[in-house]
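Thanks for coming, everyone. Please have a look at it first.

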Amino acid sequence: MKKIMVIHGPNLNMVGIREPGIYGKTGIDQINDEILAYAKGLGMSCEIFHSNHEGEIVDKIQQARGVFDGIVLNAGAYTHYSIAIRDAIAAIDTPVIEVHLSNVHAREEFRHVSVIAPVCKGGIYGFGKSVYLLALDAFAKMD
Ligand code: DQA
């Protein structure tokens with residue numbers, strides 16, 4: 001059974017309340033329920049973690065090494081400037097899929113840069129909450 005860790009970064013606990021025109025009206029608890037149900041349907045085990053703090057996300061990525069088969073990471077705003085999170089991803093063999101609810105490339109220029117993209121296996125963005133499920137599909141199909 002594949003073991004997947006889903007990590008939500010800063011302000012993702014505010015989804016549903018926060019800028020619903022961009023991030024959707026579904027709250028994080030419901031998104032998490034959908035992720036867990038979908039993972040179950042794929043025969044995967046899945047753990048979900050949220051933190052607003054960079055160091056806690058670094059800790060979680062390091063701890064996933066050797067324990068999880070993959071990480072789905074929405075690093076929120078840290079995507080655009082956290083070298084610490086990039087280095088944590090680069091330090092482990094565990095594949096990481098970068099996800100974003102919104103199409104970051106259709107938004108402000110500072111969101112067009114992802115410092116984590118070069119060290120991730122791949123990325124999925126712009127499809128709202130489905131990005132988490134699509135990332136689980138990608139892990140299900142990954143050798
Ligand atoms: C986000 C996009 C980021 O630019 C932003 O800072 C977020 C959410 C997304 O899921 O679309 O917090 O990662």
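Start with His 8, which lies in strand β1, residues 3–8. A word on names: helices (H or I, at least four residues) and strands (E, at least two) are DSSP runs, numbered from the N terminus. This is a predicted model, in which local features need pLDDT of at least 70, side-chain atom pairs count only at pLDDT 80 or more, and totals for chains, interfaces and linings use all residues. Residues are numbered from 1 along each chain as its sequence is written, and side-chain values use heavy atoms, with hydrogens and water left out.

Is His 8 buried or exposed? His 8 is buried, with a relative accessible area of 0%. Buried means under 20% relative accessible area, exposed means over 50%, and partly exposed is in between (1.4 Å probe, protein chains only). What touches His 8? Leaving aside neighbours within four places in sequence, its contacts include Ile 28, Asn 32, Ile 35, Asn 74 and Tyr 132. Contact means heavy atoms within 4.5 Å.

Five of the six residues of β1 are buried, so β1 is largely enclosed by the rest of the structure.

Now the sheet. It is open, has five strands in the order β2-β1-β3-β4-β5, and the pairing is parallel. Two strands pair if DSSP finds at least two bridges between them. At the edges stand β2 and β5 (122–125), each with a single partner strand, so one side of each has no neighbour in the sheet. The twist averages 20° from one strand to the next.

Look at both partners of β1. With β2 (residues 45–50), β1 pairs in the parallel sense over six bridges. There, Lys 3 has Ser 45 as its bridge partner. With β3 (residues 70–74), β1 pairs in the parallel sense over five bridges. Met 5 is bridged to Ile 71 in β3.

Next, a helix on the sheet. α2 lies across β1 and β2, running at about 160° to β2. Axes are lines fitted to C-alpha atoms, for helices over the stretch in contact, and angles run from 0 to 180 degrees between N-to-C directions.

On to the packing. The largest nonpolar core has 21 residues, and Ile 35, Val 72, Val 99, Leu 101, Tyr 132 and Leu 136 touch the most other members. A nonpolar core is a set of buried Ala, Val, Leu, Ile, Met, Phe, Trp, Tyr and Cys residues joined through side-chain atoms within 4.5 Å. β1, α2 (28–41), β4 (96–100) and α5 (130–141) each supply at least two residues of this core. The largest share, six residues, comes from α5. Apart from this core lies another, of 20 residues, among them Val 58, Ile 61, Ile 116 and Cys 120.

The axes of α3 (residues 54–64) and α4 (residues 83–91) come within 9 Å and cross at roughly 5°. α3 and α4 are therefore roughly parallel to each other; angles under 35 degrees count as that, over 145 as roughly antiparallel, 65 to 115 as roughly perpendicular and the rest as oblique.

Last, a loop. Asn 11 sits between β1 and α1 (20–23). Asn 11 has a positive phi of about 70° although it is not a glycine. Asn 11 is partly exposed, at 38% relative accessible area. Glu 19 is in the loop between β1 and α1 too, with a positive phi of about 35°.
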